Amino acid sequence: MIEVKNLFFEYPGKLALRDVSLKISKGEVTALTGPNGAGKTTLLRGLAALHQPLSGSIRVAGIDVISNPRLCHEKVGYLADFFGLYEDLTVKQCLMYMARSHSITADGEPAAVNRAAARLHIEDRLHQRAGTLSRGLSQRLAIAQAIIHEPAILMLDEPASGLDPEARSQLSDLFHELSTQGITLIISSHILAELEEYCTSMLIVDNGEIREHRHVSATPAKQCTIEITLSHEDDSLIKFLKTRPGISSLKTEEAGLSFVFSSEKAQQAELLQAIISHQFPICHFAERKTSLQDVYLAKVNTQESTT
Amino acid sequence: MKWNPEFQRNIWLELTPHRLISMPIVLGIIFLMIYLQMVYLLEEYFYQGITITATFLFFILVVMWGSKLSSEAITSEIQDKTWDNQRMTTISPWSMSWAKLFGSTIFTWYGGLLCIAVLTISSSGISVTDNLQRASIFILAGLLAQSTALYISMVQFMGRRQIWRHRNTLGMLLGIILALPFIQYDIPSEDTIQWFGKTYNQSSFIIFTLAFLTGWTIIGIYRLMRKELQLANTPLVWLLFLIILPGYIVGFAESDADSMDQINLYLLITYFTTSLTIYLTILAEPKDPVTFRRLAFLIHHGGGRKILHHIPSWLSGLLLLGLVTLAITIRDIPIASPYNSPLISLNFFAGFLFIIRDIGIFLFFNFSIKPKRANTVSIIYLLLLYTVIPIIFLSLGLEPVSAAFNPWSTLKSITIISGLIQSAIMLYLVYYRWNALSGQAKNAI
């Protein structure tokens, strides 16, 4: 569905993307993450044919984006991190405008408007002025505008920023719903926990390069995070664990420790036995489900320690 | 007919029922006040008063307010973060261009057309043809002002996305200045104009001139809109403009000039108009190193036609200027210089070299990570090089040294050698700085 090869993108004095290559299959939900200024927005805007790269190639839904940017716009829906709405228009007018702007015929327009409104659960707001909507509802309207032409791919840049927890939860449900409808989603976000349930892959961008692009389902197979709780503080456990093989990302937490370790039960049993035999005051040893956040942090930390 | 969605959106926003009612009421009150003030005057003065008021109101509404609105047509979208949404639609560049131009100003046209209607009704003793000509001049002058304002605002933000205070002022002012003489034009007029040896009615010729200028401005808007919507332009249309504009000016030359003189005159005017546009375009267009790296990448990889898409306007202008300079040199056009000595075509060659140097100065200061006031600094350097330095050397009695900074000097050998050296130095400095800024981007090429 999306294929990027050797993409370079340069701003004056800064190489925002360097030799980026990636493939995203149809129907995938990709969490695009990375530190601030890593190049996420530049990558998304390049994929949406809003920016022209310095060199490289981008194919979206079989279209050469650099040669045919307007064809790409027909296939893609994009929502910027900071978006605006026509505040003096009603929700219905906003949707009608976007429908017509995407060459939806007069016959198909009412259905397209109603369908997009229904998908985003804003049918009851059609006659309300866009400027009077709450932040969450504005976000819904903006996404409804982005998908009114039934794009094969939807790209959203930091869609949850500035939303309250309830609106974020609703947004998560919405993305889940869109993904089940077969739309390929690329969601740039720092809040990985909300993408966890339905993300099929994660793309980590750092300093203009792809650090990691992996299927999320593959994450817990080999490694997991182990959490240990102690009855009282004992710094020597950290020293002990550092000497053990296969332990990484060792962190002190509020009531104990956590670290990334093998998910093999035998190895875990061996480690637990070693801890007990050294008489550390352990009262809890359990596998924590490896979250996107853990994978991301492990990757970024590894990168930082090597540089 | 397929309704332009952008135009429709503007109608929704601009022509609300309240506005549709309020405009004729406000205009009606103003005309009523004028009527009450002048009803006791002679009929002639009464109509004159109404005519002046209608003209003034048209100017305020269409030229001034319209220029303001059209200059904001896209900058307001950028500021309100809706422009990317529009760029992601499938609206064609042409539809987007005319919808922005006419849509953003439609309310002012509503009032302006009411003023023209009053002007026509109140015109006693003016023929239908004259009335039509006046209406055409007013409408075209309004369009010229608005399209100029939109074009200049687009040039200003093109490739930069910087929205600054007073961002729309320049375009608005230029639009108003261009349209003002035409709005003041007095109808009916028996005056005539000679153009390419033929006599034209002045009013008809003004309509032609306005249509010519407005047409080119709208073409300019369309081409910038294509760029905004990620479509490529070749420099051919720009070159066509640079070739046609001097042709329009040559038409005013004396009709008894023979064809050879007219060709020479055409070449000279092309030389000066192209030089001027080179300076204007290098000031206006983005000059960051990325633009040139993309060009270098395409040249390196045999980009073919794509190379044309990335050639800056000033560079295509410079290529044309090179050809014109060559033609002037070959034809050895005799022309008197302001210094009362024969100015031979080699000075035009020197002028060409100095323009290359000046372009180098602009690029040199713009090739930095965060160029601050690079254009202003470049202009200051150019002022020093063209005025202060030659004057100092001249006052010291060092005319040959002064000639090294004056392309129009009679000491042609010094001027040309100096031009060659200065342009070579600047090109080297530009390349050096560009290379230093390339960093890791070199890997991309």
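Into which domains is chain A divided?

**View 1. The two domains of chain A.** This is a predicted model. Chain A is divided into domain 1, residues 2-207, and domain 2, residues 219-306. The centres of domain 1 and domain 2 of chain A are 37 Å apart, taken over C-alpha atoms.

**View 2. An open sheet in chain A.** Four strands of chain A make up this open sheet. Their order is 2-1-4-5, and the pairing is antiparallel. Strand 2 (14-24) and strand 5 (63-64) of chain A stand at the edges. Each has a single partner strand, so one side of each has no neighbour in the sheet.

**View 3. Strands 4 and 5 of chain A.** Strand 4 of chain A covers residues 55-60. This strand pairs with strand 5 of chain A in the antiparallel sense, over two bridges. Which residue stands opposite V60(A)? The residue is I63(A), in strand 5 of chain A.

**View 4. A nonpolar surface patch on chain B.** The members of this patch are I380(B), L384(B), V388(B), I392(B), L396(B), L398(B) and V401(B). Together they have about 560 Å² of accessible area. Helix 16 of chain B, residues 374-395, gives the largest share of the nonpolar patch: four residues.

**View 5. L398(B) in its loop.** L398(B) is one of the residues in the nonpolar patch. Where does L398(B) lie? L398(B) sits in the loop between helix 16 and helix 17 (399-403) of chain B. L398(B) has 37% relative accessibility, so it counts as partly exposed. That class runs between the cut-offs for buried, under 20%, and exposed, over 50%.

Technical notes. Residues are numbered from 1 along each chain as its sequence is written. Chains are lettered from A and ligands numbered from 1 in the order in which they are written. This is a predicted model: local features need pLDDT of at least 70, side-chain atom pairs count only at pLDDT 80 or more; totals for chains, interfaces and linings use all residues. Side-chain values use heavy atoms; hydrogens and water are left out. Patches are made of residues with over 30% relative accessible area and no salt bridge: like charges are joined within 9 Å, nonpolar side chains (Val, Leu, Ile, Met, Phe, Trp, Tyr) within 5 Å. Accessible areas come from the Shrake-Rupley method with a 1.4 Å probe; for residues, only the protein chains shown count as cover. A salt bridge is a side-chain nitrogen of Lys or Arg within 4 Å of a carboxyl oxygen of Asp or Glu. Buried means under 20% relative accessible area, exposed over 50%, partly exposed in between (1.4 Å probe, protein chains only). Two strands pair if DSSP finds at least two bridges between them. Domain bounds come from an automatic or database domain assignment.
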